[in-house]
Amino acid sequence: MGDITVGLNCPACGGAITIAEGESVVNCQYCGSTLYAEGDKGVQTIAFKNKLDERTAIGAAQAWWGKGFKARDLKRTGAVTECYPIYIPFWDIRTRVAGWVCGYEERTRSDSKGNTKTERIYKEEMVLMDLAYSEIACDPGDLGLRSLRNFSGESTFEDLDMIPTFESTTSRDDADAHARSDAIARGRSSAHVPHITFENLHALVKRTSMIYYPIWVVRYTYQDRMYLLTVDGVTGQVLSGRAPGDPLFQSLAVTAGTSIGGLAAAGGVLFTINTGSEFGIAGVILGFIILGATYVFFRHGSEIIQGDFADRKKGPDMRQLGNIGKMIGGAYR
Amino acid sequence: MKIIQVKCPNCGQAIYQKTKDEMFLCQNCGTIHYRDDKGPHRVPFEVAPPNPNSGGQRFYMPFWRLRCDFHIRSRDVQGGLLHKLATTLRGGDNGGNLYIFVPAAELDTTTFRRLAVALTTSPPQYPVRQDFGGIERVPTAIGQDEAIEMADFVAVTLEAEKPGTLQYLDYELKVLEAKLIYLPMVSTPSGPWLAI
Amino acid sequence: MAQVNCPRCAAPIELDSGNKFAKCSYCGSMIFFDRTGAGFYYAIPFKLSQNDAVGTFRRWAGGSTKAKDLDRLASITSVKKKYFPVYLFRRDVNGREEVYVKPAGSTILPGLHQLKVPGGDLKIFDGNFDTNGAELVKPDIEMTHYLDNLPGKGKEQALVYFPIWTIDYTFNGASYQVVVDASSSEVFATSFPTRSSAAYLLVAVAGFFAFLVLGFVATVYLVPALILMALTVVAVFFISLTVARRL
């Protein structure tokens, strides 16, 4: 294997020195010389203390079984087969994004006579903020984890030897690049400028460190099938998981979706016919969106998924629905 | 990995400092340098003497002063037709030479913006010195390359803060020279203030 | 357990896979591990037993895109426990750190020819490592084969044994294969019997248009339309329940 170890001593006085991973400047504690570490320095690493035990982790899992549209008998028939903690590495990258986003917003108003006017509101927005970005530093496999939700915890390395630790296997520079593009994107959206005519945004990486985060893996069975969920070892919340769905909820969803969606579409068409206003189309679109969202649940609701899984099926997001709701609200005012 | 003792590239004297500041100040010849994996690099710097009348705890804060060539090719501003005379830009409203100050210490975003805009719009006048007179330095957290990246932000800020709403700006910004400027500061409840 | 000796006092120091630094517990020296020239062998422990792997397969097979009742009707013909070797390279390419993962064994197993970086607790793999009866797939591609062709300078290179269960099954006369990652329970499959969305789509679209039409009818004949709507609600509910259960 060759000589792979290097003892670290002060080149001036020979005293043994202690240098934290990721640091490049250290002052010798014996002779006071300022020293510089050249080459591969690693990254500053912290580990959060695990706050849960097996009982609380299983308790969180069982509470989760009872929530949402999961199989109704899951709480009764689901059986935990295994529950253990692991440490998972996450890149924790702090960035600063600075810049300007300029453009305009268009607002449409209609007066009592039904005349509509579109108004342009010009905007210049400064973006200057510090952001935290995290991403898993190993392959998440089927754990359904991609980023951290919680950045605070008691730091300790005590448990790191006791609890199996997933090793970091991704590149720091890749993570830094992702953090930068995330910062630019979040900076842009924080400016709230719908039509951008000029943009100048810069992102600086201020600090990159690695957090070893305690995660409890709970495996359970339901009708011969093996499911898995993860519980945050600091906050005790279920982070991700798969659970069996229930055909009853699937059919209730599609029943509600077709009836409400169909009637909304009918209402929209009738509104347009009676008033001549094109805002009735919003009702038709809303109807289709309700139908689409409930269809996705009807088709794929046999498995309920929480977390960042690759095969997660998503319906239309709430913001889209909100915008359409606003349009309809404007039309009826 | 290799641990080396930091020595002044100018006079060869070993550096002894208490803080983990990567801007190494030589006690012997008074030069500043930093290191990377390619070796030591001298950093040109200036120190402004503190105002003897300023009270409170004084310290030196590092700033990157970037002499820039800023040229506006075209712009589009909505409203505010009465442009304030561009006092910061020598050479008219469409650009010219200017000094952009980028705070180099670890600062929160509000202080960063306040100091960058205040110093760039009215650059401080002071007799140039090279010694710190025993006053402590705040470690430098933003390197020269990062400062150049931020200069772009400060330049656009100057344009955006003029009356009217900026809609479009096409410009060229060239950094001609970078210097580390140490300005004396006092800490106040509302953050650090200049004590020149 | 793999060990190296402290360069100062020669005491044994445990070599953990993640860290670049270690402190000698005898003389207190700080040690830096230079991994640029060495090659390491790691293995990820099995987290799934055979039953867990089959249960995970059944969970996957019960998914909404798989053929209905695939989880119950698939007949499993073989379950094998294997360690599959992959190379993990960390390289410095023009000052940027890049990670490359390459298979070390030639394979046609699903998911393994385009491997990602395996996640898991890397354990030193040496003569004392207990494979627990897993078949060790021989690395038949040399590390140097990749090293010569990868850009940049090496920072670290390792051979990682990735724990998998391969499951063969037949369904409606055709045979299929899946790989279950025994560290994180991910299931890899290139082909599997699929379920048609037609019935689901039909129920949703037919229900939607029924209500759309009834909405129009309601403006002319309110009461009959309301009665028809109530009937349609019941019909859609029972038809969709049947579809969700059986198709």
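Predicted model: local features only at pLDDT ≥ 70, side-chain atom pairs only at ≥ 80, totals over all residues.
Two strands count as paired if DSSP finds at least two bridges between them. Helices (H or I, at least four residues) and strands (E, at least two) are DSSP runs, numbered from the N terminus. Residues are numbered from 1 along each chain as its sequence is written, while chains are lettered from A and ligands numbered from 1 in the order in which they are written.

**Overall form**
- Chain C holds five helices and twelve strands.
- Its C-alpha trace spans about 95 × 40 × 40 Å along the principal axes.
- The radius of gyration of chain C, taken over C-alpha atoms, is 28 Å, whereas a compact globule of 247 residues would have one near 18 Å (the rule is 2.2 Å times the number of residues to the power 0.38).

**Strands 10 and 11**
- In chain C, strand 10 (residues 153-171) and strand 11 (residues 174-181) run antiparallel, joined by eight bridges.
- C:Tyr169 has C:Tyr176 of strand 11 as its bridge partner.
- These two strands of chain C make a hairpin with two residues between them, and C:Asn172 in the turn has a positive phi of about 50°.

**Strands 11 and 12**
- Strand 11 of chain C also runs antiparallel to strand 12 (residues 187-188), with two bridges joining them.
- C:Phe188 in strand 12 is the bridge partner of C:Val179.
- Five residues lie between the strands of this hairpin, where C:Ser185 takes a positive phi near 65°.
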